[in-house]
Amino acid sequence: MTENWNEIDRFAKDLIHHAGETIKNSFKDKLSIESKSNANDLVTNMDKEIEQYFVKEIRRYNPDHKILGEEGYGDQVTSHEGTVWIVDPIDGTMNFVHQQRNFAISIGIYHNGIGMLGYIYDVVLDELYHAHKGNGAYMNEEKLKPLKPVPVSEAIFSINATWITPHEKVPYQIFGPIVHDVRGTRSYGSAALELAYVAAGRLDGYLTMRLAPWDIAGGKILIEEVGGVVTNLQNQTHSLLGKDSLFAGNADVHNEIYQNYLQGKL
Ligand code: 2AM
Ligand code: CA
Ligand code: CA
Ligand code: CA
């Protein structure tokens with residue numbers, strides 16, 4: 001089936017702006033907060049409500065489109081055949097709960113596994129990062145520039161401090177030398193925003209041990225449109241069906257860090 005990507009793009013932007021309004025209006029209401037896999041893994045009524053809104057509207061728009069959403073209101077997606085929306089209704093739920101900022105809506109729309117449309121919406125700042133495959137990436141109306149090479153010694157990396165502390169399952173020692181050698185590190189607590197910042201050139205790299213498809217689906221499309229690279233820590237294509245590690249960055253930094261700090265260590 002051929003899709004009208006310009007029309008889908010307009011539809012997706014409308015949905016995202018509408019959902020953003022709903023989230024902003026919810027700040028005055030009391031949130032209902034639960035935990036999922038552990039006490040720090042939070043989900044709120046808004047995460048669920050926003051995902052349900054997306055699922056309802058997307059199904060009404062085109063029942064053939066499949067939906068993979070974090071909160072499970074979409075479909076059991078086991079292949080990337082056809083058109084698949086990968087949706088994170090609120091990325092950075094902990095920030096949403098504790099700070100009412102530094103969270104985003106993230107959506108990637110894939111067709112037969114190819115990223116066609118990507119969105120990351122910083123609701124509070126009203127900044128929509130968006131990309132349409134082959135047409136470049138934008139923040140609102142402003143076109144994002146192709147990423148320029150940066151030496152590792154001048155690179156700013158995003159990495160969550162958890163991955164530098166002793167951890168039974170992950171080889172945490174490998175990140176130490178990277179943190180030491182780059183110019184600086186940051187952590188924003190929203191994978192989607194961190195990927196948007198890589199696309200905007202505010203970060204030169206983002207490393208993390210474990211992300212789900214909905215954390216990266218939108219950001220991957222944005223970063224690839226500005227010439228950046230998104231892989232797992234083994235330099236392989238990141239899985240869009242299951243959890244995986246992630247290494248996103250400007251192409252030169254990605255190559256140098258992979259060769260000198262990661263290759264053969266994981
Ligand atoms: P979330 O807020 O949508 O859950 C926090 O460092 C980042 O990691 C956020 O983007 C958060 O997304 C994501 N995250 C939190 N818990 C996670 C988990 N168990 N697996 C994968 N990603 C997670
Ligand atoms: Ca979550
Ligand atoms: Ca997420
Ligand atoms: Ca989420």
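Predicted model: local features only at pLDDT ≥ 70, side-chain atom pairs only at ≥ 80, totals over all residues.
The domain assignment divides the chain into domain 1, residues 5-143, and domain 2, residues 152-262. Their C-alpha centres are 21 Å apart. To the contact, domain 1 contributes 30 residues and domain 2 contributes 24 residues. On the side of domain 1 that touches domain 2, the elements giving two or more residues include helix H3 (93-99), strand S4 (83-91) and strand S6 (114-122). S6 gives the most to this side, with six residues. Sorted by class, the side of domain 1 that touches domain 2 holds 15 nonpolar, ten polar and five charged residues.

An open sheet is built from five strands in the order S11-S10-S12-S14-S13, and its pairing is mixed. S11 and S13 are the edge strands, each with a single partner strand, so one side of each has no neighbour in the sheet. From one strand to the next the twist averages 20°. The residue ranges of the strands are as follows.

| Strand | Residues |
|---|---|
| S10 | 156-159 |
| S11 | 184-186 |
| S12 | 205-211 |
| S13 | 229-231 |
| S14 | 244-249 |

Val-229 stands opposite Gly-249 in S14. Helix H5, residues 191-199, packs on the sheet and touches S10, S12 and S14. The direction of H5 makes about 155° with that of S12.

Notes: Residues numbered from 1 in each chain as written. Chains lettered and ligands numbered in written order. Pairing = 2+ DSSP bridges. Helix = DSSP H or I, 4+ residues; strand = E, 2+ residues; numbered from the N terminus. Axes fitted to C-alpha atoms, helices over the stretch in contact; angles between N-to-C directions. Contact = placed C-beta atoms within 7 Å. Domains from an automatic or database assignment. Nonpolar A, V, L, I, M, F, W, Y, C, P; charged D, E, K, R; others polar.
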